[in-house]
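Please read them beside the coordinates.

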Amino acid sequence: MSAALDILSAVAISAGAFFFLAGTAGLLRFPDSLTRLHALTKADNLGLGLVVLGLLPHAAGPLAALKLIGVWLLAQLAGASVAQLVASAVKARGPET
Amino acid sequence: MTPDLAIDIGLAVLVLGVAAWTTVVRESFAAVVGFVTYGLLLALAWVRLHAVDVALTEAAIGGGVTGALLLAAAARLGPAEDRTPGDRPGAAPRLLAAVLCALVSAGLGAIVLLPPDPAPTLAPAAVASLPKTGLGNPVTAVLLAYRAWDTFLEKAVLVLALLGVWSLAPDALWGGRPGPAYRAQRDGALALLARVLPPAGIVMGVYMLWTGADEPGGAFPAGTILAAMWILVMRAGLADAPAVGRRSLRVALVAGAVVFLAVGLSGLATAGAFLAYPVRFAKPLIVLIEAPLTFSIAVTLGLLAAGPPERGLPR
Amino acid sequence: MTEFLLGAAGFVLLMVALGLVRILRGPAEADRLMAAQLLGTGGVAVLLLLADAGGMPAIVDVALTLALLAALASVAFAMGAWRGAVDDPAPPSGE
Amino acid sequence: MSAATLFGLCGAGLVGLGLYGLVVSPAPLRKILSFNLLGGGVFLLFGVVARRGAAAGLGGDPVPQALTITGIVVAFSATALAVALALRLFDATRRPDERADEPSADGGS
């Protein structure tokens with residue numbers, strides 16, 4: 001049981017780390033601000049989400065697990081709002097490629 | 001190389017790199033963004049140095065309110081500073097400055113590499129007296145019991161800085177509302193954020209204050225988090241900044257220091273010294289000080305970020 | 001498991017550090033801000049991994065604080081951009 | 001090399017960098033940033049002293065840590081004061097033709 005959980009944990013954390021790789025690659029390679037924003041939100045949602053998922057089996061108790069989920073929910077709220085705000089700022093300033 | 005060492009080296013190199021870039025980059029806005037990332041990285045560095053209390057404060061200040069203050073300032077100042085950058089010193093003085101600053105760094109580096117042995121520490125003394133305070137977190141014990149005098153004066157410095165900011169207002173605007181009038185956001189991302197985040201932030205602030213007695217936390221990170229929430233609500237136009245002449249605002253600013261002083265003076269009667277606590281009541285008294293202190297810190301930091309009065313008294 | 005967690009933390013740190021190249025290159029202000037934002041999210045992930053690896057649950061509170069305040073810099077930035085565009089600190093297409 | 005030594009050297013470098021920026025940048029906002037870089041370096045040096053003082057089951061000496069916490073908060077308040085001064089200086093010294101882009105600051109309601 002514990003070994004199975006460890007494997008699940010390792011898989012989820014590795015997948016999360018992969019999404020940070022993808023987010024960085026997108027931020028560096030995509031051609032303009034709005035597509036880069038798209039890449040950034042992937043790291044926010046999936047990268048951090050999968051890392052949290054992978055750490056949940058290690059949580060010391062329900063309160064610790066709740067805190068981990070709270071971190072993810074806050075990051076979701078921040079990520080979604082930041083995407084909106086930055087996009088509206090890009091629109092206001094006009095594209096600078 | 002162990003993973004631990006690799007992370008530390010990577011972090012130290014990143015901090016130095018971001019700092020160097022912040023120093024040399026041309027645009028002011030880019031420099032401010034560099035500085036915000038510097039704050040985030042420092043919070044990670046404090047975790048690596050096993051100073052979680054400091055990391056919490058740095059995360060709340062460096063990752064939150066400093067960014068809000070400096071990015072707003074860069075939006076107003078940046079374009080003008082970039083247009084007319086002023087007189088940069090020539091190549092020779094710059095080189096001289098670089099050499100002298102490198103010497104300062106080298107001297108400090110030498111001190112780091114040649115530490116006194118054994119390293120001086122007050123940790124055993126701090127732990128030994130911990131039971132008398134009723135606390136479990138030695139950093140909170142230092143802040144509010146062993147060196148409470150420092151913390152009291154520090155609170156006074158915060159209020160003095162705020163008075164300094166206010167005194168920059170033109171005479172006609174004295175007593176008015178700080179900062180520009182932000183239009184109230186009815187919908188959109190900012191309105192959502194300013195409605196959903198503060199309840200979470202208030203819970204977080206109270207938790208941080210409460211847990212600070214025994215675990216990393218305490219009045220400073222708690223007050224900073226609450227201040228950040230207030231700044232967000234003000235920026236979204238959901239609650240206007242209060243006129244600085246308001247009596248209730250003045251009371252909120254000094255409440256922390258006044259309670260601190262009152263408890264300190266009562267120590268003369270109950271424990272024989274200013275700011276001494278009777279052992280049986282140490283913890284309740286410390287919590288009694290910390291709660292209004294947190295509130296006052298939150299109000300002070302929020303108003304510091306809002307700036308001097310820019311609008312006249314409400315007619 | 002500890003080694004794996006530390007390795008993952010190091011990898012995520014390396015990734016967001018590479019993302020900082022976007023701060024250097026820009027070109028738009030928004031691009032620079034996005035790199036800082038990615039560093040914030042990555043920093044939260046690194047902190048959670050370090051908390052588990054080092055058995056220091058208090059570090060989760062640092063991650064919680066960072067996640068709570070992550071949006072504040074972007075709010076300040078966006079309001080500066082709106083002001084620059086329409087001379088009024090409100091979104092240009094707000095209503 | 002221990003983490004304490006590593007971040008100590010990092011802090012020493014930051015002090016030099018911040019000092020350099022403070023001396024050579026003519027713009028007030030950049031001077032404020034440099035001063036804060038310098039401050040961060042000084043705080044890290046405090047952190048090194050704290051970490052070296054780890055004893056009695058603690059990860060570090062709590063006294064320098066507590067000093068750093070108050071230091072960070074005071075540094076923020078000093079930064080806010082400096083920013084307010086820079087903005088006031090800017091408002092007081094810029095040419096009249098630049099005042100056209102003044103944001104409207106009426107009641108806003």
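The points below take up single chains, then the contacts between chains, then one residue.

1. Basis. This is a predicted model, in which local features need pLDDT of at least 70 and side-chain atom pairs count only at pLDDT 80 or more, while totals for chains, interfaces and linings use all residues. Residues are numbered from 1 along each chain as its sequence is written, and chains are lettered from A and ligands numbered from 1 in the order in which they are written.

2. Fold of chain A. Chain A holds three helices and zero strands, in the order α-α-α along the sequence. Helices here are DSSP runs (H or I, at least four residues), as are strands (E, at least two), numbered from the N terminus. With a radius of gyration of 16 Å, well over the 13 Å that the globule rule gives for 97 residues, chain A is more spread out than a compact globule. The radius is taken over C-alpha atoms, and the rule is 2.2 Å times the number of residues to the power 0.38. The C-alpha trace of chain A spans about 55 × 25 × 10 Å along its principal axes.

3. Burial and contacts in chain A. Of its 97 residues, 45% count as buried. Buried means 20 or more other C-beta atoms within 10 Å of the residue's own, exposed means 12 or fewer, and partly exposed lies in between, with C-beta atoms placed from the backbone. Among contacts in chain A between residues at least 6 apart in sequence, 62% join residues at least 24 apart; a contact requires C-beta atoms, placed from the backbone, within 7 Å.

4. Helix 1 of chain A. Residues 2-29 form this helix of 28 residues, which reaches 40 Å from first C-alpha to last, close to the 40 Å expected at 1.5 Å a residue. The expected span is 1.5 Å times one less than the number of residues. Its buried residues include Ile13(A), Phe19(A), Phe20(A) and Leu27(A), as well as Gly16(A), Gly23(A) and Gly26(A). Their cover includes helix 2 (33-55) of chain A and, from chain C, helix 1 (2-19), helix 2 (21-25) and helix 3 (29-54).

5. Chains A and C. Here 43 residues of chain A are in contact with 44 residues of chain C. On the chain C side, helix 1, helix 2, helix 3 and helix 4 (59-86) each supply at least two residues. That side divides into 36 nonpolar, five polar and three charged residues. Ala, Val, Leu, Ile, Met, Phe, Trp, Tyr, Cys and Pro count as nonpolar, Asp, Glu, Lys and Arg as charged, and the others, Gly among them, as polar.

6. Chains B and D. Of the five pairs of chains in contact, this pair shares the most contacts. The contact takes 87 residues from chain B and 73 residues from chain D. Helix 3 of chain D gives the most to the chain D side, with 23 residues. By class, that side has 46 nonpolar, 20 polar and seven charged residues. Chain A and chain D, by contrast, do not touch, and their nearest C-alpha atoms are 15 Å apart.

7. Domains of chain B. The assignment gives domain 1 (1-120) and domain 2 (137-315), with bounds from an automatic or database domain assignment. Their centres, taken over C-alpha atoms, are separated by 27 Å. In the contact, 10 residues of domain 1 meet 13 residues of domain 2.

8. Ala291(B). Where is Ala291(B) found? Ala291(B) sits in helix 12 (residues 282-306) of chain B. Ala291(B) counts as partly exposed because it has 18 C-beta neighbours inside 10 Å. Leu209(B) is 82 residues from Ala291(B) in sequence and 7.5 Å away in space, C-alpha to C-alpha.

Methods:
Contact = placed C-beta atoms within 7 Å.
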